[in-house]
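Student: Could you help me see where the labels for this protein come from? I would like to check each word against its rule.

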Amino acid sequence: MDVKAIIQSIQSIIPERRILTQLADRYSYSFDASFGEYLPDLVVQPQNKEEISSILKLANEHRIPIYPRGAATSLSGGPLPVEGGIVLDMSQFPKKLIIDQENLLAIVSPSVITGDIHKQAEECGLFYPPDPSSSHVSTIGGNLLENSSGPKGLKYGTTKEYVIGLEVVTPTGEIIRTGGKTVKNVTGYDLTRLIVGSEGTLGIVTEAILRLIPKPQARKTLLASFHRLIDSGHAITNILSSGILPSAMELMDNACIQAVENYTKSGLPVDAEAIVIIEVDGHKAAIEDEINKCAEICRKQHASDILVAQDETERDKIWHARKMVSPAIAKMGPTKISEDATVPRSQIPNMIERLHAIREKFQLNLVVFGHAGDGNLHPNIITDKRNIEEMKRAEAAISEIFEAAVELGGTLSGEHGIGLLKAPYMEMELGKEGIHFMKLIKEAWDPNHILNPGKIFPEPNQTKVVLI
């Protein structure tokens, strides 16, 4: 790749001030919130769909890899420029956020912070349920392409249920629209859902139409402590089988509790082996009954203490502690490997036991938290990439975590995506035929393999993640 010649070509498309070539700038785009560093050849900050289209056409002509990137909160290596090339910095794309109250919609550009959608929707009495822990910093474009959903997926479903229309620049530079403003739309193939969760391999989103719903009238939050982690798992499954559908059910093990308390004092019970956060929402009279039933079920499963938030201040304190888990455990060691293997709800206790056994077998600092109500656990390994022997054990542990999830009827990822780190295990879940048909779609959309190459699909004969 003749970088100088490519830069000259791009300068005819984009002003020089939005083309970053200095080494310091490129290093800033060489990593995300996951593991690994890959240096791009240059970084481009487009401001409209026409610029993106022209860049992609140029990239096809010269076979240049293009890596779209939002706020870089990805935990699976989604935006990492593993083959160099050009990083397309979408965080600087002009922000558009329109709340259409009459049609219960939000029309947004990809650079909008997801938390801002929550705020503006709620000011209008509406609600956008997907709420990743990073929503205060992550962009909606990244959330859509990773299909990141957060704790409320239990009751309200995942991000793909709320995306009803897209404007997309395809890998070959065409500008297309999928879906629209109607909730019902069965015209042809559902390209909207194909693109949501495609991890930037099938197109670059330049606008999204999101479905909103009326804001729940009231909500109640409960924090239950358990002396045994397995009891918390049984409490979760018993609540779900009781006829109650909470809006969120979150699990934190003792390592997470300790980390959060060391990071920022939150009043969590440091002697508990696990805590479960349960939230119900809906009509005020109904949620009082539901939160009481949740408390009763937790007591029957040997909860040592139960706290029901009495006001928004107490609720916010509980949820703040949960949102601090990721930054808190990052302080436990220089290298954090985040996974999100997901199992059917009925298998939550079994998966918890398997994770305990894996931690003991490989003698690793493995902590567990996550959206336990929908089986979306987040086992994190805290290690040091300079410790070669420990990293080898981490590699083996990751393989066994995925094997356990698939054996229990689950999946490799609930919301972090496949990206770079989970690609070697795709065949374990989908088989060769499943991967083959996914590759046919990729090749039809991206015949020159220029858009986010090196993601989702494993390298030939690669069956395990390589961390060192």
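**Checking the labels**

Tutor: Gladly. Let us start with a pair of helices: α13 (residues 348–362) and α14 (residues 388–407) pack at an angle of about 160°, and their axes are 10 Å apart. This is a predicted model, in which local features need pLDDT of at least 70, side-chain atom pairs count only at pLDDT 80 or more, and totals for chains, interfaces and linings use all residues. Residues are numbered from 1 along each chain as its sequence is written, and side-chain values use heavy atoms, with hydrogens and water left out.

Student: Why are α13 and α14 called roughly antiparallel?

Tutor: Angles run from 0 to 180 degrees between N-to-C directions, along axes fitted to C-alpha atoms, for helices over the stretch in contact. Under 35 degrees counts as roughly parallel, over 145 as roughly antiparallel, 65 to 115 as roughly perpendicular, and the rest as oblique. The angle here is about 160°, so α13 is roughly antiparallel to α14.

Student: What is the handedness of the crossing of α13 and α14?

Tutor: The crossing is right-handed. That word is used if the near helix is turned clockwise from the far one by less than a right angle, and left-handed if anticlockwise.

Student: Which residues of α13 and α14 meet?

Tutor: Contact means heavy atoms within 4.5 Å. On the α13 side, the residues include Met 351, Leu 355 and Phe 362, and on the α14 side they include Arg 393, Ala 397 and Ile 401. By class, this contact of α13 with α14 has 9 nonpolar, no polar and 5 charged residues. Ala, Val, Leu, Ile, Met, Phe, Trp, Tyr, Cys and Pro count as nonpolar, Asp, Glu, Lys and Arg as charged, and the others, Gly among them, as polar.

Student: What is the strand order in the open sheet of 7 strands?

Tutor: The order is β15-β12-β14-β13-β17-β18-β16, with antiparallel pairing. Two strands pair if DSSP finds at least two bridges between them. Helices (H or I, at least four residues) and strands (E, at least two) are DSSP runs, numbered from the N terminus.

Student: Why do β15 and β16 stand at the edges?

Tutor: β15 (303–308) and β16 (335–338) each have a single partner strand, so one side of each is left without a neighbour in the sheet. The twist averages 20° from one strand to the next.

Student: How do you know that β13 and β14 pair?

Tutor: DSSP has to find at least two bridges, and 6 bridges join β13 (residues 248–253) to β14, which run antiparallel. In β14, the bridge partner of Ala 248 is Glu 279. Helix α10 (residues 284–300) packs on the sheet, touching β12, β14 and β15. Helix α13 also packs on the sheet, touching β13, β17 and β18, and its direction makes about 10° with that of β18.

Student: Is Ser 266 buried or exposed?

Tutor: Buried means under 20% relative accessible area, exposed over 50%, and partly exposed in between (1.4 Å probe, protein chains only). Ser 266 has a relative accessible area of 8%, so Ser 266 is buried. Ser 266 is found in the loop between α9 and β14. Not counting residues up to four places away in sequence, Ser 266 touches Val 260, Glu 261, Lys 317 and Ala 321.

Student: Why is Met 438 called partly exposed?

Tutor: Met 438 has a relative accessible area of 37%, so Met 438 counts as partly exposed. Met 438 is found in helix α15 (residues 426–445). Not counting residues up to four places away in sequence, Met 438 touches Met 426, Leu 430 and Phe 457.

Student: How do you know that β3 and β4 pair?

Tutor: Strand β3 (residues 66–69) and β4 pair in the parallel sense over 4 bridges, and the rule asks for at least two. Arg 69 stands opposite Asp 89 in β4.
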